[in-house]
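Take a moment to look over the chain from end to end. Then read on, and keep the picture at hand as each part is named.

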Amino acid sequence: MRQVIPVIYSQHLSAFLEDFQNFVRRLPTFYALNTSAVQYFWKMDPGIQQRFQLLETSTQQLLSKAQRIVGKLFKLSKRCRTQPKISVPRE
């Protein structure tokens, strides 16, 4: 699990950065844009919306997988006579 998350994150990040750079290039430059105009263009871009949907579903899948693993470890730790020492790395 520790190796899977950075790989998937880097794949999604690089693809999202490409889409974001394309989005910025397509913004009109002949007049000033306020936040509502940028938000409108953001919502109207199907590529960005699709990328966000893909990122959201893969994140949900990873979260549910991690929750299942933690649940299994917790159930197994209840059966042990001596409790294991679990160290969670800080980010």
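Buried means under 20% relative accessible area, exposed means over 50%, and partly exposed lies in between, with a 1.4 Å probe and protein chains only as cover. By that scale Arg-51 is partly exposed, because its relative accessible area is 23%. This is a predicted model, in which local features need pLDDT of at least 70, side-chain atom pairs count only at pLDDT 80 or more, and totals for chains, interfaces and linings use all residues. Residues are numbered from 1 along each chain as its sequence is written, and side-chain values use heavy atoms, with hydrogens and water left out.

Start with the overall form. The chain has 3 helices and 0 strands. Helices (H or I, at least four residues) and strands (E, at least two) are DSSP runs, numbered from the N terminus. The order from the N terminus is α-α-α. The radius of gyration is 21 Å, well over the 12 Å that the globule rule gives for 91 residues, so the chain is more spread out than a compact globule. That radius is taken over C-alpha atoms, and the globule rule is 2.2 Å times the number of residues to the power 0.38. The C-alpha trace spans about 70 × 20 × 20 Å along its principal axes. Of the 91 residues, 14% are buried.

Now look for links between the parts. How many salt bridges are there? The count comes to 2 salt bridges, each a side-chain nitrogen of Lys or Arg within 4 Å of a carboxyl oxygen of Asp or Glu. One joins Asp-19 and Arg-51, with the closest N and O atoms 3.0 Å apart. This pair links distant parts of the chain: Asp-19 sits in helix H1, Arg-51 in helix H3, 32 residues apart. Is Asp-19 buried or exposed? Asp-19 is buried, because its relative accessible area is 18%.

Another salt bridge joins Asp-45 and Arg-26, with the closest N and O atoms 2.3 Å apart. Asp-45 lies in the loop between helix H2 (35-44) and H3, and Arg-26 lies in helix H1, so the pair ties together parts that are 19 residues apart in sequence. Asp-45 counts as buried, because its relative accessibility is 10%. Arg-26 counts as exposed, because its relative accessibility is 52%.

Finish at helix H3. Helix H3 covers residues 46-79 and holds Lys-65. Lys-65 counts as partly exposed, because its relative accessibility is 39%. Leu-73 is found in helix H3 as well. Leu-73 is exposed, because its relative accessible area is 54%.
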